[in-house]
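The report below goes through a protein chain residue by residue and element by element.

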Amino acid sequence: MIAKSLILAALGMGLMNAPSNVSATENGLFGTTEIPSRNLDALPQWKRVISSFPELEKAAAECDRDILRCGSQQMTLWRTKIQELEHASLNQKVREVNRFINKWQIAKDQDLYKQADHWAAPLDFLPNGGDSEDFAIMKYVSLKELGVKPENMRLVVTNDVLRGQTHTILGLTAAGKTYILDSQNDSVLEEGLVKYYVPFYSANETTRWAHIPGHLARQGNVGGNK
């Protein structure tokens, strides 16, 4: 029931406020049909996290200037890793960031924030840890600082069919291939090797996508161009 309701919600997110000239893309992430929109209003938690990025940049700059102003041991460790990877290859950056952030503590939103679902700003994640979307967000901002373009990354909210739960990962596209950074796996795998996630929706700082499984998209003619 959860998966079905989220698929319907994703379809609604994709069509709501979408410009009439925006068409769906077939064979998108994990073989789904993708419906893009530049309107992020359907994702208020993600918009709140994005608005926290300038504060993170300021805190990181202060930590880089003076280790005594890092605020926490975790901030110091993160800044050290970012500086260590500054001149590394993209391959190394991606794999090291995934492995490094996965060392943080897994914590439930209810325990940390007394809420069933809360997307943590990076400055809250660093000292506290978090759940899957918080790990994905921290990897996103880390790789962004290391030179990866935001348009080549997305947070992807999925149905984890192996565990029967919602799970968020980070997708990164490079050289025509998409790679998955996952808090449940220290290895970075090509999308085609990951068979147990069904995406509901994804987003970066400019765009969100609804993801409709291929058979549902064909039944409903989601593209609307024929």
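At 81% relative accessibility, Ala175 counts as exposed (over 50% relative accessible area; buried is under 20%, partly exposed in between, with a 1.4 Å probe and protein chains only). The model is predicted: local features need pLDDT of at least 70 and side-chain atom pairs count only at pLDDT 80 or more, while totals for chains, interfaces and linings use all residues. Residues are numbered from 1 along each chain as its sequence is written, and side-chain values use heavy atoms, with hydrogens and water left out.

Ala175 sits in the loop between strand S3 (165–174) and strand S4, and its phi is positive, near 55°. Phe30 also has a positive phi, near 55°. Phe30 belongs to the loop between helix H1 (2–15) and strand S1 (33–37). With a relative accessible area of 17%, Phe30 is buried. Most residues other than glycine have a negative phi.

The protein chain has nine helices and seven strands; these are DSSP runs, helices being H or I of at least four residues and strands E of at least two, numbered from the N terminus. Of its 226 residues, 49% count as buried. Among contacts (heavy atoms within 4.5 Å) with a separation of 6 or more, 59% are between residues 24 or more positions apart.

## Helix H8

Helix H8 covers residues 132–145. At 1.5 Å a residue, its 14 residues should span 20 Å, and the end C-alpha atoms are 20 Å apart, which agrees; the expected span is 1.5 Å times one less than the number of residues. Because 12 of those 14 residues are buried, H8 is largely enclosed by the rest of the structure. The buried residues include Phe135, Ile137, Met138, Tyr140 and Leu143, and also Glu133, Asp134 and Lys139. After H8 comes Gly147, with a positive phi near 100°.

## Strand S5 and helix H5

Asn98 is in helix H5 (residues 90–101), whereas Asp186 and Val188 are in strand S5.

| Residue | Relative accessible area | Class |
|---|---|---|
| Asn98 | 0% | buried |
| Asp186 | 42% | partly exposed |
| Val188 | 7% | buried |

Not counting residues up to four places away in sequence, Asn98 touches Lys139, Leu181, Asp182, Asn185, Asp186, Ser187 and Val188. A polar atom of the Asn98 side chain lies 3.1 Å from the backbone oxygen of Asn185. This falls under the definition of a polar contact: a pair of N or O atoms within 3.5 Å, where within protein one must be able to donate a hydrogen and the other to accept it, and residues adjacent in sequence count only if both atoms are side-chain atoms.

The side chains of Asp186 and Asn102 are joined by a polar contact of 2.9 Å. With neighbours within four places left aside, Asp186 is in contact with Asn98, Arg99 and Asn102. The C-alpha atoms of Asp186 and Val97 are separated by 9.6 Å, although these residues are 89 apart along the chain.

Val188 and Val94 are 94 residues apart in sequence and 7.8 Å apart in space, C-alpha to C-alpha. On the same exclusion of neighbours within four places, Val188 contacts Val94, Arg95, Asn98, Tyr179, Ile180 and Leu181.

## Cavity and pocket

How many cavities of 30 Å³ or more does a search of the whole structure find? It finds one. On a 1 Å grid over the protein atoms alone, a cavity is a set of points where a 1.4 Å probe fits but cannot get out; a pocket is an open set with protein on both sides within 12 Å along at least five of seven lines, and lining residues have an atom within 4 Å of a point.

The largest cavity holds about 30 Å³, a volume being the space filled by probe spheres set on grid points joined across faces, edges and corners. Its lining is made of Ile180, Asp182, Asn185, Ser187, Leu189, Val194 and Tyr196. Strands S4 (177–182) and S5 (185–190) are the elements that give two or more residues to this lining, and S5 supplies the largest share, three residues.

The largest pocket has a volume of about 310 Å³. Of its 19 lining residues, Gln45, Asp109, Asp117, Trp119 and Glu133 are the closest to its centre. Helix H2 (44–51), helix H6 (109–113), H8 and S3 each supply at least two lining residues.
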